[in-house]
Amino acid sequence: MAAASAQLREKAPSNPLREELLAAFEDLATAQAECESVRAGIDRARLAYRRAETTVKEADKALSEAQEKHTWATAEAAIDNAKPPLSGVRAARQRLADAKDEADAALAAWRQLRDRLHDFERAAESAKSAVDGALNAAMVPAIEELLGKMRELNREMLPYRSLLCALFSEFDRPPRDSIVGSERAKRPLAYVMAQAEQLWHELTAVDREVVGAWENFRARLRDDPEARIGLAHLLLRKA
């Protein structure tokens with residue numbers, strides 16, 4: 001992802017909308033990388049705490065053994081009327097205290113990183129939302145082009161569509177109010193009216209091959225924020 005971002009930076013965005021999109025992708029990549037780093041830190045801190053716990057248990061056991069050993073040595077010295085040997089209890093107790101300190105520090109670090117992860121995840125979600133917003137903004141020129149083309153077509157089609165609607169209206173009226181008269185009188189029109197209804201369905205139909213065009217548009221921009229995509233590209237069929 002970093003290499004791709006570097007290549008995109010070198011190409012220089014073609015327009016402000018694409019520049020905003022590229023910046024949003026880079027911010028998202030940074031936020032996601034930070035989340036991954038914190039998650040990795042959490043794993044390492046958890047492992048360090050588990051190891052520290054083991055060290056505490058071992059140091060506690062060593063302290064008990066040192067105390068027992070010193071007790072027996074002191075008893076033997078008393079029997080022999082000798083000077084008690086040096087004790088290893090103090091050193092063992094210090095090792096236990098040090099191990100507990102390390103365990104406490106590891107546990108605190110683990111908890112702190114878990115708490116910080118929520119902040120990084122929120123930042124990543126915010127960055128993802130910014131990418132979605134930038135993708136939507138990058139779609140605006142193509143949508144405006146689509147609306148312009150549809151307005152142009154509508155101006156051309158409006159009179160014809162109005163005539164067709166008027167014909168439907170006359171055909172559906174009661175005989176006394178309709179220019180086409182009774183049901184019997186309508187029979188010569190039956191064939192062309194069936195064709196008219198079929199045409200109307202075709203005019204209001206949805207081309208299933210084009211339905212996914214906007215999703216493909218966004219997918220292409222995710223791959224290349226500088227991709228030149230317009231209405232013509234959206235209307236292309238997949239081979």
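Buried means under 20% relative accessible area, exposed means over 50%, and partly exposed lies in between. The model discussed here is predicted.

Q: How many aromatic pairs does a search of the whole structure find?
A: A pair of aromatic rings is described by the distance of the centres and the angle of the planes. Searching the whole structure on this basis gives a total of two.

Q: Are Y49 and W110 buried or exposed?
A: The ring centres of Y49 and W110 are 5.8 Å apart and the planes stand at 40°, so this pair is tilted. Y49 belongs to helix α2 and W110 to helix α3, so the pair ties together parts 61 residues apart in sequence. As for accessibility, both Y49 and W110 are buried.

Q: Which helix holds both W214 and F217?
A: The rings of W214 and F217 have centres 5.8 Å apart and planes at 55°, so they form a tilted pair. W214 has 27% relative accessibility and therefore counts as partly exposed, while F217, at 2%, counts as buried. The two residues are three apart, about one turn of the helix, and both lie in helix α7.

Q: What is the C-alpha to C-alpha distance between A23 and P225?
A: A23 is part of helix α2, which covers residues 16–79. Its relative accessibility is 34%, so A23 counts as partly exposed. A23 and P225 are 202 residues apart in sequence, and their C-alpha atoms are separated in space by 9.7 Å.

Q: Which residues form a negative surface patch?
A: One member, E102, lies in helix α3, residues 89–172. E102 counts as exposed because its relative accessibility is 55%. The negative patch is formed by D98, D101, E102 and D104.

Definitions and conventions. Residues numbered from 1 in each chain as written. Predicted model: local features only at pLDDT ≥ 70, side-chain atom pairs only at ≥ 80, totals over all residues. Heavy atoms only, no water. Patch = residues over 30% accessible without salt bridge, like charges linked within 9 Å, V, L, I, M, F, W, Y side chains within 5 Å. Areas by Shrake-Rupley, 256 points an atom, 1.4 Å probe, with all protein chains shown as cover. Salt bridge = Lys/Arg side-chain N within 4 Å of Asp/Glu carboxyl O. Lys, Arg positive; Asp, Glu negative; His and termini not counted. Charge placed at Lys NZ, Arg CZ, Asp CG, Glu CD. Helix = DSSP H or I, 4+ residues; strand = E, 2+ residues; numbered from the N terminus. Buried < 20%, exposed > 50% of the residue type's maximum accessible area, 1.4 Å probe, protein only. Phe/Tyr/Trp six-rings, centres within 6.5 Å; stacked < 30°, edge-to-face > 60°.
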